[in-house]
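Hi everyone, thanks for coming. Let me put today's protein up on the screen, and then we'll walk through it together.

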Amino acid sequence: MANTEGPEPPRTRRNSNKNILTRIRHGQSSGRAISRATEISEALLQERDQQAQWHGIPVLLQRLYDSSHLNSDLSQIHSIIKEVSPFLSMEAMSFVTEDRRTVQKSTCPNTYTFDLFGGIDLLVEILMRPTLTTQMNVPKMSDDLVKDCLSVLYNCCICMEGVTKSLASRDDFVMFLFTLMSNKKTFLQTATLIEDILGVRKEMIQLEDIPNLPSLVQSFNQQQLANFCRILSVTISEPDMGNDDKHTLLAKNAQQRANPCPSHSEVNQVALLNIPGFIERLCKLATRKVSEASGPSSLLLELQDWYTWLDNALVLDALMQMATEDAEQSSTESSDESSLATSPLRHRLPQSMKIVHEIMYKVEVLYVLCVLLIGRQRNQVHKMLAEFKLIPGLNNLFDKLIWRKQTSSHVLHGQNQNCDCSPEISFKIQFLRLLQSFSDHHENKYLLLNAQELNELSAISLKASIPEVEAFVNTDRFWQARAVESFLRGATSYADQVFLLKRGLLEHILFSIIDSGCKSRDVLQSYFDLLGELMKFNIDAFKRFNKYVNTEEKFQMFMTQINSSLVDSNMLVRCIILSLDRFESQIEDVSVVEVLSECSLLSYMARVENRQAFLFRLVNIINVQILTQENVSCLNTSLVVLMLARRRDKLAFCLNALREKEYAEKYPGCLLNNLHNLLRFWQRHYLNKDKDSTCLENSSCISFTYWKETVSVLLDSDPTSLCAIASYIDEAYMDLGRDFLEV
């Protein structure tokens, strides 16, 4: 029966549009029915296009499909891609400049339409088709066509995370992209797309799977290698562990037992080290000179205005063009970047943008070197960095940097991709991280010193009548040698401490802790750790401490900072307790006795009730389920207190005091059971880890054998042993948390 009320065209068209979209979505999800625009008639698409505001994208995709066969006219394909590209690049540029974090289909309707009607899959097919056929004489795609295809894919990734994830799930496409990096003209677009894809990929790629990786890397010029480091940083870094239960030390140990093989990142690090010349080229990149500014004052002003420049969309185009020009230069390169400085475009950019461009690639190179320095192949990397003179180059670079206090309030940022530090600050942070990684627990740290400073260290050792550390006796030889021998990590060096004390480092740290008003936990932790290393076993350092902290008000402020977060300050507490123990065994030395009687810090820690209070708090703030790499030091500091008590036959006294504290706080058994569980975990965690055990021994000057013996004594199941934890737990409260190790 006819409808007597007449037709409703607008409603019918909208419903038709929705029906088309619904059918496509259903086809894509189910694998049945319509899944791309090519299965819908062009007449219907054109009819619905204006109403749906598709801007002709579905029709263009249908024509692209019809034109994209093995022997098709590639110029026609390129023409269609050029026609659709502006719709997508416009949305990508808008998205980047407006910093939109959550993208809906309404935010980027053109990109959504392009993806919905099969554009992403079609471009991937076009790019990969020549590699998937055995047919001879297949028309070769031009570099410009490849670049435009990659640019369209990248723009879609910017606007829609789902596109990035979809591409990341295709192993064949990811490996194919690496093959495109061998072409200098398509390198930049390829590298940019790969970086985005790897950033969302669930499983880390294996560098060994990349076809001809060594020859590929060796073919890169220095600028391309710097860009490639952005990709490498994703492949050699362990995933961000966060602080949830899945990433506690307990969970990590369980995972390692279940899968003892090296992680993907560790395997990738080895693959890089096996590439001939790779580390040498990174060292050259890290240390080559940054272009000079027209004047220091103007440079500072320009760098402070970097946010304004990066907010201008034209600058993004300019930087892309500049990088492309750099990539297309001849393979002959200048070590001081003079060839880059002659680029016509660079003279049209402000000096700050030129330097930002040069600084940012150094950040990536320094990061890769940092990761390699803290990996399993650390000794091999140390040898190579010494061989290729990284440190002299960094010394020269250090002198060129402008180290100044930031005039504006600057928030301390963690290590994450969303940090909004300026390029200048990011570079300095990465520079300092590299120095930390290079010198941490390795005697190659003396390579950081010049001849005058090495002579000063020798003089300090001679005056103190202590033997010189072998590492700095032989340092001159290291500069000339083709390789550097690995050294065992040593105990704290008195000469190193005095060398730094003479430069006022201790006073600077104390000012920062007491007088600067610093509230950042990260900054305070770094100050506490450094202060502990500087003062450990050094009577002169405690004299200097007492001279600076010369009022009760200052001392109370210092202790308030320590007590505000014991997780951050416990390494310093450990240093004070260890130093006190050593000084008390040197009472025949008048100067030591004088410091013991006058130093407020040593006097405070000498009181038994204060040491017990620290022990109680240290055991109380951690448990096995929440132990991480950040707070496991609290367990080791607790154990140091117990070991020193055992040395003096006071272990039973300590355990009884903990028991009395439990009852006073009205939770009997909880504290001692927690300590028992922690020590059981300690045995599992440390007895199979040579690296960790060596660090414990060197940092405390207590043999690891004594650490193990003390733990065994404390865990003794004999209820009559006065040094066993079990002796102090009433039977009614015994074995709380018995099954924690079964996690």
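A quick word on the ground rules. This is a predicted model, in which local features need pLDDT of at least 70 and side-chain atom pairs count only at pLDDT 80 or more, while totals for chains, interfaces and linings use all residues. Residues are numbered from 1 along each chain as its sequence is written, and side-chain values use heavy atoms, leaving out hydrogens and water.

What about the secondary structure? You'll find 41 helices and zero strands in the protein chain; these are DSSP runs, numbered from the N terminus, of at least four residues (H or I) for helices and at least two (E) for strands.

Now let's go inside. Of the 743 residues, 48% are buried, where buried means under 20% relative accessible area, exposed over 50%, and partly exposed in between (1.4 Å probe, protein chains only). The largest nonpolar core has 99 residues, with Phe114, Phe173, Phe178 and Met181 touching the most other members. Helix 21 (residues 351-373) gives the most to this core: 11 residues. A nonpolar core is a set of buried Ala, Val, Leu, Ile, Met, Phe, Trp, Tyr and Cys residues joined through side-chain atoms within 4.5 Å.

Last stop: Thr186 sits in the loop between helix 9 (171-180) and helix 10 (187-200). Buried or exposed, this Thr186? Buried, with a relative accessible area of 2%.
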